[in-house]
Amino acid sequence: MNQHVPVAEGDRLAKRNALILSGAQALGGANPAIVVSLGGLVGAQLASDKTFATVPVSLLQLGIAAGVIPAAMLMRRLGRRGGYLIGALVGATGASLAAGGVVSRHFWLFCLGTFVCGLYGSFVQSYRFAAADTASPGFRPRAISWVMLGGLAAGVIGPQSVYWTRDLTPAAPFAASFLAQGALALLAICIVSQLHAPPVKAVRNDLGRPLGQIVRQPKFIASVIAALVAYGLMSFVMTAAPMAMVACGHSVGDAALGIQWHVLAMYGPSFFTGKLIERFGKETITITGLALTALAAITGLTGLSVGHFWLALVLLGLGWNLGFIGATALVTDCYRPEERVKVQAANDFLVFGSVAIASFSSGGLLSHGGWETVNWLVFPPVAVALLLVLWQRTQRRAAA
């Protein structure tokens, strides 16, 4: 889009795109919700060593990290819409592979399927940046928030898909749930085909600063660390939670509902997160999100009832929403228009690479140290991220 287009006209396009991407998020966001709800449970059925039960969930996160740079390159060549159409096809393929792994009882095939589902997730995760591309600086936080709001519907669609399909294939429990996941990805094609985003290739990246110079900015470092802590800890605790609930004697249904409440809490605040950022500032909202993540860990340490697990998961979701959306908005202040693609890809690679590491470590720590250890490990990263964001806010105010 031409940079000289009036703000009002630009924001009309931005609002349209944000609504479209919100609908795509509602379907694409169900992809990780289904894998997280079932990945560890199916993994426990298929893996010979229960220590590896959460590997399928971790491979989802690894797929997201591995896919962000190729997805960005693809979108530079084909545009946002073309890239997102291919991403949805990748999602349907991954879900089919996962279902095939369940039916054939091949753990490796199931893991391959969840990894490919992660590749789809790398496209879905960039929806928030696509919404920001056509928005004016004033509307940008709200555009990001609108897209994330689509995840509220995903918080219902994903777990309810599990609930209604889990028993449709008695000989291969949960296979139908992954087929439903693939059908949702195919439905997303109808929505993203309506997107009208500016051609990514029309932006001259050679006019921007070198990536190394951008990522060395203190404000970029603080923003990315806040984002990876908010997302990484959410993944770390969320991956372990369903397994921990079942180990404590709670039902699979309770675990699935816990994930549903968690995902709803992740995306529900998006009704007003953008306005909160406008009112209180990006740093304040990011700090609040990190504090809620710490509160979730405190709740997890105080009891093992269904209520304790659910409350911890709800607080974890709220913390992710405020912390991650706030940090994402901070990242958008770190680059110029001609630098956006490479910086967005670098940001997501760093964030989701850390998320994958957190997810891989979660299963082993839960197996050897228990749910209590998982929660205690939340506090050091939160403290580091809080100090960095507070320091960056102090620097910005001093400069003003």
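1. Second largest cavity, lining. In this predicted model, the lining of the second largest cavity counts eight nonpolar, three polar and two charged residues. The cavity holds about 110 Å³ of space. Its lining is made by 13 residues, and those closest to the centre are A72, M75, R80, S126 and Q344.

2. Second largest cavity, elements. Two helices, α3 and α14 (340-376), each supply at least two residues of this lining. Of the elements involved, α3 gives the most, with five residues.

3. Cavities overall. How many cavities of 30 Å³ or more does a search of the whole structure find? The search finds six. The largest cavity has a volume of about 200 Å³, and 19 residues line it. P32, A33, Y231, M266 and Y267 are the closest of these to its centre.

4. Largest cavity, elements. The elements that give two or more residues to the lining of the largest cavity are α1 (7-28), α2 (30-46), α3 (55-104), α4 (107-125), α9 and α10 (252-267). Which of the elements gives the most to this lining? It is α2, with four residues.

5. Largest cavity, residue classes. The lining of the largest cavity divides into twelve nonpolar and seven polar residues, with no charged residue. For the second largest cavity, two charged residues are part of the lining.

6. Packing of α2 and α10. Both helices give residues to the lining of the largest cavity, and they also pack on each other, at an angle of about 150° with their axes 10 Å apart. Angles over 145 degrees count as roughly antiparallel, so α2 is roughly antiparallel to α10. In its crossing, α2 passes α10 in a right-handed sense.

7. Contact of α2 with α10. On the α2 side the residues are A33, V36, S37 and L41, and they meet V252, I259 and V263 in α10. By class, this contact has six nonpolar residues, one polar residue and no charged residues. A33 has a part in two features: the contact with α10, and the set of residues closest to the centre of the largest cavity.

8. Packing of α9 and α13. Helix α9, another contributor to the lining of the largest cavity, packs against helix α13 (residues 306-331) at an angle of about 160°, with the axes 9 Å apart. The two helices are therefore roughly antiparallel to each other. Is their crossing left-handed or right-handed? The crossing of α9 and α13 is left-handed. The residues of this contact divide into 22 nonpolar, two polar and no charged.

9. Second largest pocket. This pocket has a volume of about 160 Å³. Its lining consists of K219, A222, S223, E283, L330, D333, C334, V389, Q392 and R396. Helices α9 (218-247) and α15 (379-399) are the elements that give two or more residues to the lining. What is the make-up of this lining by class? There are four nonpolar, two polar and four charged residues.

10. Packing of α6 and α7. The axes of helix α6 (residues 140-165) and helix α7 (residues 175-192) come within 8 Å and cross at roughly 140°. The pair is therefore oblique. Helix α6 passes α7 in a right-handed crossing.

11. Contact of α6 with α7. From α6, the residues I157, S161, V162 and T165 meet A176, S177, A180 and L184 of α7. Five residues of the contact are nonpolar, three are polar and none is charged.

Conventions: Residues numbered from 1 in each chain as written. Predicted model: local features only at pLDDT ≥ 70, side-chain atom pairs only at ≥ 80, totals over all residues. Heavy atoms only, no water. Axes fitted to C-alpha atoms, helices over the stretch in contact; angles between N-to-C directions. Parallel < 35°, antiparallel > 145°, perpendicular 65-115°, else oblique. Left-handed = near helix turned anticlockwise from the far one by under 90°. Contact = heavy atoms within 4.5 Å. Nonpolar A, V, L, I, M, F, W, Y, C, P; charged D, E, K, R; others polar. 1 Å grid on protein atoms, 1.4 Å probe; cavity = no way out; pocket = protein on both sides within 12 Å on 5 of 7 lines; lining within 4 Å. Points joined across faces, edges and corners; volume = space filled by probe spheres on them.
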